[in-house]
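Biologist: I have a model open and would like to go through its local features. Could we start with the aromatic rings?

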Amino acid sequence: MVSEGERLDGSARPALFVMWTAHNSRSEGLAQALHAELLSTPWSHPRQPKATKLVAWARSSLTTLRRVRALPAGALLVVMAPPVFAPLVAFLARRGGVAVAIDMHSGALDDPKWRWSFPLMRSLLRRADAVVATNPEVL
């Protein structure tokens, strides 16, 4: 029997879980179940001024870009959304042979503050190899 995070030949599949937040129990639990390395970039906060938030997202983008580019072919990349920029950067940075899954939290498609990003998020969801959603009605 193959366990989570293993390939059919029994070798470990490299996996990276990216979240642009300091803490999220569901995402952390998923990362642990997948035996994925957790990359948390906790620099953006909900009540930050917009300029500060943009700088934080740029910092998260660069960190994510570097880590995703280093993944070998055959790796699994799971990215938490929102924000929409996290999976966008992951798709732009990934190399061939890296599978991308989006850990989609309900705010990605039903929170009014993210309404402007819904078309982009839907496009990214269609491109993903897998989508994790606990509220499938938002799909």
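Biologist: How many aromatic pairs does the structure hold?
Modeller: This is a predicted model. A pair of aromatic rings is described by the distance of the centres and the angle of the planes. Rings count as a pair if their centres lie within 6.5 Å. The number of aromatic pairs in the structure is four.

Biologist: Is the pair of Trp 57 and Trp 114 stacked, edge-to-face or tilted?
Modeller: The ring centres of Trp 57 and Trp 114 are 6.0 Å apart. Planes under 30 degrees apart count as stacked and over 60 as edge-to-face. The planes of Trp 57 and Trp 114 stand at 40 degrees, so the pair is tilted.

Biologist: Which parts of the chain does that pair link?
Modeller: Trp 57 belongs to helix α2, and the two residues are 57 residues apart. Trp 114 is in the loop between α4 and α5.

Biologist: Is Trp 116 buried or exposed?
Modeller: Trp 116 forms a tilted aromatic pair with Trp 114. Trp 114 counts as buried because its relative accessibility is 10%, and buried means under 20%. Trp 116 has 52% relative accessibility, and the cut-off for the other class is over 50%. Trp 116 therefore counts as exposed.

Biologist: Which residue has its charged end over the ring of Trp 43?
Modeller: The charged end in question lies 3.8 Å from the centre of the Trp 43 ring. The residue that carries this charged end is Arg 59.

Note on methods:
Residues are numbered from 1 along each chain as its sequence is written. This is a predicted model: local features need pLDDT of at least 70, side-chain atom pairs count only at pLDDT 80 or more; totals for chains, interfaces and linings use all residues. Side-chain values use heavy atoms; hydrogens and water are left out. Helices (H or I, at least four residues) and strands (E, at least two) are DSSP runs, numbered from the N terminus. Buried means under 20% relative accessible area, exposed over 50%, partly exposed in between (1.4 Å probe, protein chains only). A charge sits over a ring if NZ of Lys or CZ of Arg is within 6 Å of the ring centre and within 35 degrees of the ring normal.
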